[in-house]
Amino acid sequence: MSEHILSVIKFSGLDWFWAVALIVVMVACGIIFYRLGKRSESEFFLAGRGLPWWLPATSIFATHTATDTPMWITGVIYKYGMRGIWFPFYCAWCAVSAFVSTKIFRRSLAMSQAEWQNLRYSGLGAELLRGWLAGWQTFMNMFVLAWVSAAMGKVCTYLFGWPHWLGLVSFTGMCAFYVLAAGYWGVIMSDFQQGVIAFLGITIICGWNIHEAGGPTAIVAKLAASGQSWRLNPFYFDKDFPLAQFLTLFVMATVGGIGMGNFIDWYPEAQRIQSAKTIRDASYSIWAGALMTLLRNGLWVAAILAFFVMFPNIADQKEYEMGWFRLGFEYLPMGMIGIFFAVILAIHLSTIATHLNLGALYATRDLYHHYINPQASESRLVQVARFNTFLMLIGCFVLGLSMRRITEWLIFALWLQAAGIWIPSILQVIWWRFNSWAYLSAWVANLIMSWLVVLVLPGLGVLPKLPDYQQFWLLALMVGVVYLPVTFLTKPDDMEHLVRYYVMARPLGFWGPVRREAIKRGLIKAA
Amino acid sequence: MGIFEKNWTPEQADEWTVHDLVACVLSVVSYVLVAVGIAAALLLLVWGFVALAIGIICGVLMYRVIDPKLRAMSKAFAKRQQQYLEQVDKAVRWEK
């Protein structure tokens, strides 16, 4: 493939029109919703908690469709066929969350997951957890911004031959305009438009891809003729994709929906849950947003199988990961290439906007407002929120321009979050006795043991290099050896605090003593 | 209480019941079938259309089971939300 493809394919005037029109509409969002965004901290970060379900739903879909998403999904479908659909299936945690953790979190009224720690737990442990999560999330959002902006830099180099820094800085900078001006109002309103544009665009482009490969029947026939029919079976298991791996992915996704904070996606979703008008709106927003994401995955599966039929022998992962982009830019007719580029811009801007605002939320609500200036006025908080948004942008540029070598270390950091705290993140929702020290110890143990299991012990030859899904269960077990004794060796959280939380949030699971105390105090009625 | 119960009191809606479990199961089945169904249907595979149809039916059933409960719970909680928000502001302050 050529280093950059615009030497082959030129943008027509109509193509440029689509791209510029999208940017103008997004920037207009910042101007239109400027007044709403500046009214208070709650307006700047949660749009006043008054959104109907379909706005956060499209935002969830738009946010989780980033510039690097088609590369990743193309990679797994090209390699594994239709069964590769189970890798991005983790978004199905929303199937359960919509009716369990979403309801509980919405009822808690916490502005962020870090604030929820203060409501669920009490004392010093709760403060330590809140501080840790606030710092971690501020950094993680900056990292995601840098990562996604770097992916945009690569796309612009591929398309236009721009230097890496120009693609990285330009579109992210434009996005920052409407996030700085209108806060979450700007994010949600532009996400709605971006979500609709992205979904329609992906549908049209995937349809075109299938057509270019000869149509659906020809794709199936070509796969059969080359002995590759197994690629059409989502439940085909072999040594490359064993049943145990599928079950791990499936259990992680579905049972994980009971917990809070066990997926990196939980944090933006938590913001959308709280911005919904009612509990019902929150539940449907999560459910519908994930459904749109799964439909998108289904569309991509068919398009990438079309790409496989057209180019079956690509061995280099970096090359076949660009398959969807290649189909779009090399096979779409003039005038539609601009729509394709507008779709790419839409999915880029939506992710950037979300993480700029979300990082600023943790820095403002959980660090500045909670620890530095608890008496701050609403106008002061909005000023600080804008300043923090700007800091997130600068941090994103610095990290993005220097991250090529550190990317794999930071992906490892994401993995650290996923494995060992998956079960504790469920326990904190369903078990009253699980306290702040147990959750903190799980985080610390996870940080240490992930290094041991993934890098140190295999490096020393003590442990073989295990597949991801085996590492996951081993880490879950090893971290459990730490937090379970800590739970029983430390005192439970303050009963007064737990009762208050229980009455408000009504969590499910093992809350017997707290429930009995709430009934005794006349705060809830016995069933 | 029937699985398609329409009349919920706020107290009943606040409790976890079998309806939540059924909604979760139907929701997961719906997601699985829609995800693989749409991909297969686009390639005109018959089983894809069948999976997609069953997935949609599961989604509709899920809505019928859980929506009346969600409505009752949301309505009751919305009335108390302002009072709860004031409580939250006090509860999460680290300075008294």
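## Basis of the report

This is a predicted model, in which local features need pLDDT of at least 70 and side-chain atom pairs count only at pLDDT 80 or more, while totals for chains, interfaces and linings use all residues. Residues are numbered from 1 along each chain as its sequence is written, and chains are lettered from A and ligands numbered from 1 in the order in which they are written.

## Helix α5 of chain A

Helix α5 of chain A covers residues 69–80. The expected span is 1.5 Å times one less than the number of residues.

The buried residues of α5(A) are A:T69, A:P70, A:M71, A:I73, A:T74, A:I77 and A:Y78. A residue is buried if 20 or more other C-beta atoms, placed from the backbone, lie within 10 Å of its own, exposed if 12 or fewer, and partly exposed in between. Their cover includes α14 (279–310), α15 (317–320) and α16 (323–331) of chain A. Just after α5(A), A:G81 has a positive phi of about 75°.

## Positive phi in two loops

Most residues other than glycine have a negative phi. A:R506, in the loop between α23 (495–505) and α24 (512–520) of chain A, has a positive phi near 50°. A:R506 counts as buried because it has 21 C-beta neighbours inside 10 Å.

B:L44 also is not a glycine and has a positive phi, of about 60°. B:L44 lies in the loop between α2 (18–42) and α3 (46–91) of chain B. With 15 C-beta neighbours inside 10 Å, B:L44 counts as partly exposed.

## Where chain B touches chain A

In this model, 34 residues of chain B are in contact with 46 residues of chain A; contact requires C-beta atoms, placed from the backbone, within 7 Å. On the chain B side, α1 (10–14), α2 and α3 each give two or more residues. The largest share, 12 residues, comes from α2(B).

By class, this side of chain B has 25 nonpolar, two polar and seven charged residues. Ala, Val, Leu, Ile, Met, Phe, Trp, Tyr, Cys and Pro count as nonpolar, Asp, Glu, Lys and Arg as charged, and the others, Gly among them, as polar.

How values were computed: Helices (H or I, at least four residues) and strands (E, at least two) are DSSP runs, numbered from the N terminus. Two residues are in contact if their C-beta atoms, placed from the backbone, lie within 7 Å.
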